[in-house]
Every structure is written in C-alpha cells, then in structure tokens.
Amino acid sequence: MFEDLKDRRVLVTGSTAGIGLEVARAFLAAGAKVVLHGSRSPSQAESLLSELSAPGRVFYLQADVRETAQCEALVKQAVEAMGGLDVLVNNAGGLGGRQGLEGIDDDFFDNVIGLNIRSVVMVTRFAIEPLRASARQSGQSSSVITTGSIAGREGGGLGACLYGGSKAMVHNLHRNWVKEFTKDSIRFNTVAPGTIDTAFHADKSDALKQTIAGSIAMGRFGECQEMAPTYLYLASHAASGYVTGQVIDVNGGQMCP
Ligand code: NAD
C-alpha cells in the first residue's frame with residue numbers, strides 16, 4: 001500500500017516519542033527517507049536511530065520549534081540531509097500545562113502559542129520553497145500534514161483554552177494556505193487525534209483515564225499505531241492527490257463533527 005511513498009523525503013517534527021515516532025516508523029516501513037526531530041541532543045537520539053535501523057534513510061535533527069531561527073535551521077538541515085523535501089509533518093506540539101483564564105500570564109501564553117502555532121507557521125513557511133520545488137520536479141503534489149486535535153473542535157478540557165484555541169487555529173491556517181499554494185501543487189491537511197495513549201496523558205490518574213475512555217464510542221484510548229496510516233494516506237499523491245484543506249478525525253467516535 002502507498003507504494004509511491006518509496007524514496008519520498010519526509011520531515012516529521014516531534015518524532016522522538018508518541019504519535020510522531022509511530023508516523024516516522026510507518027514512513028520508513030513504506031520506504032521513505034525520514035528526518036526525525038525533537039528537543040533532545042543528537043547523542044541522546046543515537047539509540048533511537050539504531051533501533052529504527054534504516055541506515056542512509058533516517059536522520060535526526062534537534063531544534064526548539066518555539067523559536068523561528070531554529071525552525072528555519074531545521075528545515076534547511078532536513079533538506080540538506082535528504083536532498084530535498086516532499087512531505088512535511090508538523091506534529092510537535094503539546095498542552096504546555098493547564099491554566100484557567102484568570103491565571104494566564106505572558107510566559108504561559110507565549111509558551112503554548114509558540115509550541116503549537118509559531119512552530120507550525122514557521123516550519124511550514126520555510127518548507128514552502130523546497131515543497132514547491134518537489135512538486136515542480138516530480139510532477140506529484142507535495143504534502144503538508146499537521147497534527148491538530150479534537151480540542152480544536154470542542155474547545156479542550158479545563159485549563160486548556162489556549163491549547164484548544166491554538167489547535168483550532170492550526171485547522172484554519174490550512175484552509176487559508178490551500179488558497180495560497182494549490183497553484184504550486186502543495187496540499188495541506190490536518191489529522192485531528194482524539195484521546196491517544198501517549199505521554200500527553202501522563203498527568204492523569206487511572207480513574208480519570210477510565211472516565212475519559214467511557215466517553216469514547218469505542219470505549220478506549222487510541223494507539224499511536226492507529227494514527228500513522230492516516231498520515232501515509234495524506235502524504236501519498238496516488239491515494240489522496242485530490243484531497244486538500246481537510247481535517248481528518250481519528251478519534252474512535254469520541255466526537256463526530
Ligand atoms: P508526545 O509528548 O509523546 O509528543 C510530543 C512531541 O513533540 C515529542 O516528540 C516532543 O519531543 C515534541 N516537542 C514538544 N515540545 C517541543 C519543542 N519545544 N521543540 C521540539 N519538539 C518538541 O505527545 P503526543 O500525544 O504524541 O503529541 C503529538 C501531537 O499530537 C501534538 O501536537 C499533540 O498536541 C497532538 N495531540 C495529541 C493527542 C493525544 O491524545 N495524545 C490528542 C490530540 C492531539
């Protein structure tokens with residue numbers, strides 16, 4: 001399946017753990033070249049690279065994607081490592097802690113918005129030129145896929161108004177970029193996970209996790225492996241070449257927008 005992903009050059013931000021790591025694994029299994037990215041140092045990522053065991057096809061880059069200059073350097077180095085860029089997966093993001101509206105100060109605001117918005121805007125901004133070149137040279141559309149959230153649909157849990165709002169903005173940014181870049185044959189889609197079993201939920205008690213699971217039609221959290229195929233589909237020109245500007249919900253029926 002998705003044979004056209006072989007040798008495609010893919011940058012996955014936030015891919016040392018959780019959803020991003022499974023997405024990176026799935027692209028590697030499909031024969032793609034992958035740049036993994038995270039905030040840990042290259043030496044800390046060595047064991048992960050050897051475990052993935054795809055020499056010459058997998059690379060690691062460190063960057064704090066809350067910083068514009070580091071977003072620019074990340075894209076530049078990824079393009080150098082792989083010889084170009086065909087697919088960008090903006091996956092890095094997170095809650096950044098919980099804070100009710102009256103407790104939000106500038107530091108909290110800047111951290112959540114930097115992590116979920118500046119990262120997506122700036123990494124995508126610097127990726128546009130290589131993605132445009134990819135489409136021009138290959139005759140296939142290039143693809144930007146961003147991890148949104150069910151919180152972008154329903155507002156987020158208590159204390160997560162900025163997180164939920166930032167994911168809603170991510171969903172909407174893509175709708176705008178469709179208008180600007182479809183002429184360049186770049187597609188933009190969002191994957192909106194429901195409740196997926198990752199470190200994202202590490203602060204929750206078992207009782208709370210059970211309550212949440214009870215609110216999901218399938219009665220359980222999703223697994224990262226259940227997220228990854230949707231990213232492959234959206235990256236594949238053969239499978240989804242006419243799909244752009246969409247939010248694909250992968251949430252076990254937790255919400256049916
Ligand atoms: P995770 O914590 O396992 O993964 C987050 C990734 O982002 C990690 O690889 C981390 O290294 C990276 N990251 C975080 N801050 C960074 C920074 N400043 N600079 C560089 N990298 C940074 O959690 P996850 O659940 O796999 O989250 C992945 C994405 O999925 C996030 O965008 C998250 O908002 C979204 N999401 C998760 C869920 C869920 O239930 N797990 C639900 C909806 C959306």
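This is a predicted model: local features need pLDDT of at least 70, side-chain atom pairs count only at pLDDT 80 or more; totals for chains, interfaces and linings use all residues.
Two strands pair if DSSP finds at least two bridges between them.

**Stop 1: strands E1 and E2**

Select residues 9–12, which form strand E1, and then residues 33–38, which form strand E2. E1 and E2 run parallel and are joined by four bridges. To see where they line up, show Arg9 and look across to E2, where Lys33 is its bridge partner. Further along, Val12 stands opposite Leu36 in E2.

Now colour E1 by burial. Which residues lie on each face of E1? Arg9 and Leu11 are on one side, Val10 and Val12 are on the other, and all of them are buried. E2 is mostly covered as well, with five of its six residues buried.

**Stop 2**

In what order do the seven strands lie? The order is E3-E2-E1-E4-E5-E6-E7, in an open sheet with parallel pairing. Select 58–62 for E3 and 247–250 for E7, and you have the two edges: each of these strands has a single partner, so one side of each is left without a neighbour in the sheet. Turn the view to look across the strands, and you can follow a twist that averages 20° from one strand to the next. As a general point, strands of a sheet pair through backbone hydrogen bonds, either parallel or antiparallel.

**Stop 3: helix H8 across the sheet**

Select residues 224–235 for helix H8. Which strands does H8 lie across? They are E4 (87–90), E5 (142–147), E6 (186–193) and E7, and H8 runs at about 165° to E6.

Zoom in on Thr230, which sits in H8. Is Thr230 buried or exposed? Its relative accessible area is 15%, and because buried means under 20%, Thr230 counts as buried. Leaving out residues up to four places away in sequence, Thr230 touches Val191, Ile248 and Val250.

**Stop 4: helix H1 against H8**

Show side chains to see who meets whom. From H1, pick Gly18, Ile19, Glu22, Val23, Ala26 and Phe27; from H8, pick Cys224, Gln225, Met227, Ala228, Tyr231, Leu232 and Ala235. Sorted by class, this contact has ten nonpolar, two polar and one charged residues.

**Stop 5: Val121 in helix H4**

For the last stop, select residues 106–138, helix H4, and centre on Val121. How accessible is Val121? At 26% relative accessibility, Val121 counts as partly exposed. Beyond its neighbours within four places in sequence, Val121 is in contact with Leu173 and Trp177. Finally, draw a distance from the C-alpha atom of Val121 to that of Cys71: the two residues are 50 apart along the chain, and these atoms are separated by 9.4 Å.

Definitions and conventions:
Residues are numbered from 1 along each chain as its sequence is written. Side-chain values use heavy atoms; hydrogens and water are left out. Buried means under 20% relative accessible area, exposed over 50%, partly exposed in between (1.4 Å probe, protein chains only). Contact means heavy atoms within 4.5 Å. Axes are lines fitted to C-alpha atoms, for helices over the stretch in contact, and angles run from 0 to 180 degrees between N-to-C directions. Ala, Val, Leu, Ile, Met, Phe, Trp, Tyr, Cys and Pro count as nonpolar, Asp, Glu, Lys and Arg as charged, and the others, Gly among them, as polar.
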